Amino acid sequence: LPWNATSEWGGIVLMGRAPVNATGGVSTFEAIPEGDPEEYKTFGGTDPEDNSGILTDVSIRHGGAEWATDEELNGLSLAGVGRGTKISHVEVFASSDDGFEWWGGTVNADHLVAGFCSDESFDLDEGNTSKLQFLFAIRNGVGQHIGEHDGAPGDTPGNEPFAYTQVYNATYLSGGPTGDADKSMFRLRENWGGYYKNCIFGEYNGSAVRIDD
């Protein structure tokens, strides 16, 4: 395949029972086809230690799929995934949507690579409280923000748990002086909270941070 081929298949989706801040404490995954059983679609709950298994030493390549408008599969989707899950040494390469996306959950992860994804590299939503370490993103000037971080679904920004993602040792590089001129490296909105420590961000031609109140 060409290095930039996308949408050759879907992606990997893990759904758990860790807290999310959607109304009612549960949410519905956006990219499950109409007519599938409800238990295939719902995630979230009350167990921050919930265990969705082990995903390590995996490369997810040339994926991404859109079932309908704004209903897309990412490289790796983590929906309500708890701390009992192990996510380590995972690469997403050339996804037509986000590289990694979290909806709520508490899962910790390390050594994640998002290379040449067409939408965001790392996307956070619905009250995520993960600790993430050793993240690397590289882009070729195509797509959106490297990090889009939402605190909650758009209509429930005050719901708990409040988002508070902790990121250590991340390196985010974009497409250099010819790419991403109309985008920001980070888009922060809907009551997102968290921090990045000991990180390097560079080669971005747009603005550094966009904040939507």
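Tutor: A residue is called buried when its relative accessible area is under 20%, exposed when that area is over 50%, and partly exposed in between, using a 1.4 Å probe and protein chains only. The model is a predicted one, in which local features need pLDDT of at least 70 and side-chain atom pairs count only at pLDDT 80 or more, whereas totals for chains, interfaces and linings use all residues. Residues are numbered from 1 along each chain as its sequence is written, and side-chain values use heavy atoms, with hydrogens and water left out.

The residue to look at is Ile-146, which sits in the loop between strand S12 (131-138) and strand S13 (147-150), strands being DSSP runs of E with at least two residues, and helices runs of H or I with at least four, numbered from the N terminus. Although Ile-146 belongs to a loop, its relative accessible area is 0%, so it counts as buried. Leaving aside residues up to four places away in sequence, Ile-146 touches a set that includes Glu-120, Ser-121 and Phe-122, together with Ala-137 and Arg-139, then Tyr-172, Leu-173 and Ser-174, and also Ser-184, Met-185 and Tyr-204; contact here means heavy atoms within 4.5 Å. Phe-201 lies 55 residues from Ile-146 along the chain, and the two C-alpha atoms are separated by 9.8 Å.

Of its 213 residues, 48% are buried, and among contacts between residues at least 6 apart in sequence, 71% join residues at least 24 apart. The radius of gyration, taken over C-alpha atoms, is compared with a globule rule of 2.2 Å times the number of residues to the power 0.38; for 213 residues a compact globule would come near 17 Å, and the 16 Å of the chain agrees with this. Along the principal axes, the C-alpha atoms fill a box of roughly 45 × 35 × 30 Å.

The cysteines complete the picture. A disulfide is a pair of cysteine sulfur atoms within 2.5 Å, and by this rule the count is zero. The sulfur of Cys-117 has its closest cysteine sulfur in Cys-199, at 18 Å, which is too far for a bond. Cys-117 counts as buried because its relative accessibility is 2%, while Cys-199, with a relative accessible area of 23%, is partly exposed.
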